[in-house]
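This report is for a reader who is meeting the structure for the first time. Please look at the sequence and the model before reading on.

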Amino acid sequence: MNRLLQMAHELWLATLMGSFMAKDGENKRLLNEFSDIFYRHHNWIENDLFSKNIEYDYNRDNIPIKVDKLSVLLRNIIDRINQIELALCVCDDKELKARIEHDFEYIKYTLQNMPDEDINAFNMQRKYKNIELSQEATDALTLFLFEESYKEYELIMIYNYLKVHSSDCFINRIFDIMIQESFFHLRSFGEMMAEMGILGVPRVIHKSLYQVEDVVKFLKDGIEEEIGAKEQCKELSDAVAKDSVELAKFFDFINYQESYHIDLMKQALEYYTKKVADE
Amino acid sequence: MQFDNEIIEHMANPNNYGSIEEADAIGIGENPQNGEKVIIYLKVSGDNTNPIIEDIKFQAIACMTTVVAGSIITGEAKGIDFDMGEQLISVTLGMLDNVPPEEAACSEMVALALKGAMDNYRLKQEGKESAGVVYKIENSCTISEEELAKIQKEHK
């Protein structure tokens, strides 16, 4: 079952990357929606494993996504779906299995009929739209996008893991919001990376990061990191301001969103600090 | 760090990223100041006097500069024997005087993780129980019972 979870994880990420690299509006929309569905499949399987007290992790294989035609990736996604369909035989929850299979049936049909398009997400041009950035600003933006896209993916997985292991409505509401916020940031950064020709799949997360032993420490460190991220956004905004008002405004916007994350994390910290004190 | 296409390729698709199930040796390079670490897994073959690094993987709980260093150094280490591995470590550490301190720390962590993995393999060959060897930047340490148990648990 753990391998099934890994396969679902890989399918979700491959499709998410496909949605970043697609330029055609309808292709992008569909791939985005399908990646959301695959993320939910991953979570259903994870919940099933957790409810049965089966050990699992977020380990996975590397996911090759470098293509010059979308159709090549779509074929790869369909192959992955076919393999999961075979692997679903280990799933003894018949309803869960049927739900996933029904989703697959429609998604495969749609993917097979999706119009092809050229992919420029790996051409390493490092140009965002028609904005002329200095070499220094381009390098700063490149590093930021690689660092932060990984960070957002890492946060999605950490909060996801914590959510599965908690049945408290208050804290799960916070985790849900944090996951959605990180999805939005990951999508924004991923699409910028694709536009700049430097798209890459976030690297595998080490289990010590999500199997959090001390949530209070994790949240305290996380708040510090978010403060650091705010500072980075501010620096980046300043660095690109003279070349692009659009980019500067975007990074200011991300900066202000981090304030909301800090507030949510403080609420979670208060909750866990009280919980630890009560125990 | 200045970026060319080669560096960006390492960032987007780092070589040898991941872990090896049933690795022959594990080494960890750690920065005690910020908790960042690099874990290197080895699959080893050949005779015990000068074994060969058959396969190598790494994981980084660290910044992108460390990932790039890990990608480059493990790429160099794959397929070489331990003598060459020692030379690779020594050359890497020797080059660090000429790079900014924050970048030096990243490469040092990777080089020390490789050293830790090779030492872990040697300890095992001597019949000593060792789940992994940890080296910290600027000061080395042997692995504690607690850390050893943790690594064993993580590696299961």
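The model is predicted: local features need pLDDT of at least 70, side-chain atom pairs count only at pLDDT 80 or more, and totals for chains, interfaces and linings use all residues. Residues are numbered from 1 along each chain as its sequence is written, chains are lettered from A and ligands numbered from 1 in the order in which they are written, and side-chain values use heavy atoms, with hydrogens and water left out.

**Confidence**

The predictor gives the complex an ipTM of 0.89 and a pTM of 0.91. Confidence in each residue is expressed as pLDDT, from 0 to 100.

Over residues 139–144 of chain B the pLDDT is below 50. Beyond near neighbours in sequence, this stretch has eight contacts in the model, a contact being heavy atoms within 4.5 Å.

**Interface**

Between the chains, 21 residues of chain A are in contact with 22 residues of chain B. The area buried between them is about 2,000 Å², and carbon and sulfur atoms give 57% of it. Buried area is the accessible area (1.4 Å probe) that two parts lose on being put together, summed over both. Of the area that chain A buries against chain B, A:Met124, A:Arg203 and A:His206 supply 33%, more than any other three residues.

Six residue pairs are in polar contact between chain A and chain B, both residues at pLDDT 80 or more. A polar contact is a pair of N or O atoms within 3.5 Å; within protein, one must be able to donate a hydrogen and the other to accept it, and residues adjacent in sequence count only if both atoms are side-chain atoms. On the side of chain A that touches chain B, α5 (135–164) and α7 (207–210) of chain A are the elements that give two or more residues. The largest share, five residues, comes from α5(A).

**Salt bridges**

A salt bridge is a side-chain nitrogen of Lys or Arg within 4 Å of a carboxyl oxygen of Asp or Glu. Over all chains the count is 30, and one lies across the interface of chain A and chain B. A:Lys66 and B:Glu9 meet in a salt bridge at 2.9 Å, N to O. Within chain A, the side chains of A:Asp92 and A:Lys52 form another, at 2.6 Å, N to O. That pair links distant parts of the chain, 40 residues apart.

**A helix of chain B**

Helix α4 (residues 101–125) of chain B has 25 residues and reaches 36 Å from its first C-alpha to its last, close to the 36 Å expected at 1.5 Å a residue. The expected span is 1.5 Å times one less than the number of residues. After α4(B) comes B:Gly127, whose phi is positive, near 85°.

Note on methods
Helix = DSSP H or I, 4+ residues; strand = E, 2+ residues; numbered from the N terminus. pLDDT = per-residue confidence, 0-100.
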